[in-house]
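Here is a short briefing on one protein model. Please keep the sequence and the structure in view while reading.

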Amino acid sequence: MTVEATTERVLRLLALLQRRLSWTAAELAAELGVTGRCVRRDVQRLRTLGYPVHAVSGVGGGYQLGAGTRLPPLLLDDEEAIATAVSLRLASGGTVAGASEAALRALAKLDQVMPSRLRAEVRAVHGSTDTLIGPVAEIDAELLVTLARACRDGVRVRFHYPDRGAGEQERTVEPIRMVTTGRRWYLMAWDVDRDDWRTFRLDRMRAAVATTWRFPAREHPDPVAFVQRAVTGAPYRYLARVRVRAPAERVREVVPPQVGRVEVDRDGWSVLVLGGDDLEWLAAHLGRLDHEMEVLEPPELREAAGRLARRLAVLAGATSEPGAR
């Protein structure tokens, strides 16, 4: 067998090991069309090249590709290559500082080695797609990694954070999970000094440091639901609760989670909770929903809706002819 054929087979073996967590020698031999002995030799070739291929003996054993000391080249099939290229393009406009440049560099490398037929498909997707991105709060990638490791390892984190009415203060927390709304990143954590669960915006953190103090696991709320309640209610002057004559699933389809949260009610109704600093802004937002609604609180929201309705009635009755009376 030629060197070229052996090289091609070893690359196919590497691709198989990257595709799935574990393979038996028989499965690999069947995929490659070779004997088990040949598989063992090719595994040894990969190890010689620096790929940590682990072998587990006995019933249910097989081969696994472990984590190495350096990032090995990835072998992608056609669908994976297209998905990766499109994802990198979207990441180039993300909220993590520096990630856009890294995504563009990775995209350039992938485009360089991608077959022309796949490159044409990826460019067709890019050429047919625009991304509508509003104002975002950019965060430092190093902060993201620090918090992710602290969540994984269960260690406390210290950082400076602005406190309303008290200026910037040092906080010590036990981090649980990070949650992103697409525009902002949040950390749900146990605040050691306040002895309660808190939500923190990553773009407001400063001088974050992971300590060596490990904390025991504790029961905690669902991070996504907890952050959503904080985002949609706590920061605002007004918190509105409105009954909507529609199932919760239908309301969630038109109300983004960072705007409001939807609670299941009874008899086909749901309750929409959303916050804002201006009651007429809340009324205008609610007016976009094509469902029967009932204001539960605050009562001032009904008055704001009435004022908005009168102005809209005047606007609707005005003629479209300039200067007409």
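How many residues does helix H7 have, and how far does helix H7 reach from its first C-alpha to its last? Helix H7 (residues 141-153) has 13 residues and reaches 18 Å, close to the 18 Å expected at 1.5 Å a residue. The expected span is 1.5 Å times one less than the number of residues.

This is a predicted model: local features need pLDDT of at least 70, side-chain atom pairs count only at pLDDT 80 or more, and totals for chains, interfaces and linings use all residues. Residues are numbered from 1 along each chain as its sequence is written, and side-chain values use heavy atoms, with hydrogens and water left out.

**Overall make-up**

- The protein has eleven helices and 13 strands. Helices (H or I, at least four residues) and strands (E, at least two) are DSSP runs, numbered from the N terminus.
- Of the 325 residues, 33% count as buried. Buried means under 20% relative accessible area, exposed over 50%, and partly exposed in between (1.4 Å probe, protein chains only).
- Among contacts between residues at least 6 apart in sequence, 56% join residues at least 24 apart. Contact means heavy atoms within 4.5 Å.

**Helix H7**

- Leu143, Leu144, Thr146, Leu147 and Ala150 are buried in H7. They lie on the same side of H7, because they cover an arc of only 165° around the axis. The arc is that of the directions from the helix axis to the C-beta atoms.
- The face turned away from the buried side carries the exposed residues Glu142, Arg149 and Arg152.
- Aspartate 140 caps the N-terminal end of H7, with a side-chain oxygen 3.1 Å from the backbone nitrogen of glutamate 142.
- Glycine 154 follows H7 and has a positive phi, near 70°.

**Glutamate 174**

- Glutamate 174 lies in strand E6 (residues 167-180). Glutamate 174 is buried, with a relative accessible area of 3%.
- Its side chain makes a polar contact with the side chain of arginine 156 (3.1 Å). A polar contact is a pair of N or O atoms within 3.5 Å; within protein, one must be able to donate a hydrogen and the other to accept it, and residues adjacent in sequence count only if both atoms are side-chain atoms.
- Leaving out residues up to four places away in sequence, glutamate 174 touches Arg156, Ala189, Trp190, Val192, Phe215 and Arg218.

**Aromatic rings and charges**

- Rings of Phe, Tyr and Trp (its six-membered ring) pair if their centres lie within 6.5 Å; planes under 30 degrees apart count as stacked, over 60 as edge-to-face and the rest as tilted. The count comes to four aromatic pairs.
- Phenylalanine 159 and tyrosine 161 pair edge-to-face, 6.1 Å centre to centre, with 75° between the planes. Phenylalanine 159 is buried at 0% relative accessibility, and tyrosine 161 is buried at 8%.
- Tryptophan 190 and tryptophan 197 also pair edge-to-face, at 5.1 Å and 80°. Both tryptophans are buried.
- Phe159, Tyr161 and Phe200 form one aromatic cluster.
- Arginine 218 lies over the face of tryptophan 190, at 4.2 Å from the ring centre. The charged end of arginine 20 sits over the ring of tryptophan 23, 3.8 Å from its centre. A charge sits over a ring if NZ of Lys or CZ of Arg is within 6 Å of the ring centre and within 35 degrees of the ring normal.

**Proline 257**

- Proline 257 is in the loop between helix H9 (248-254) and strand E11 (260-264). Proline 257 counts as exposed, at 52% relative accessibility.
- Beyond its neighbours within four places in sequence, proline 257 is in contact with Gln228 and Thr232.
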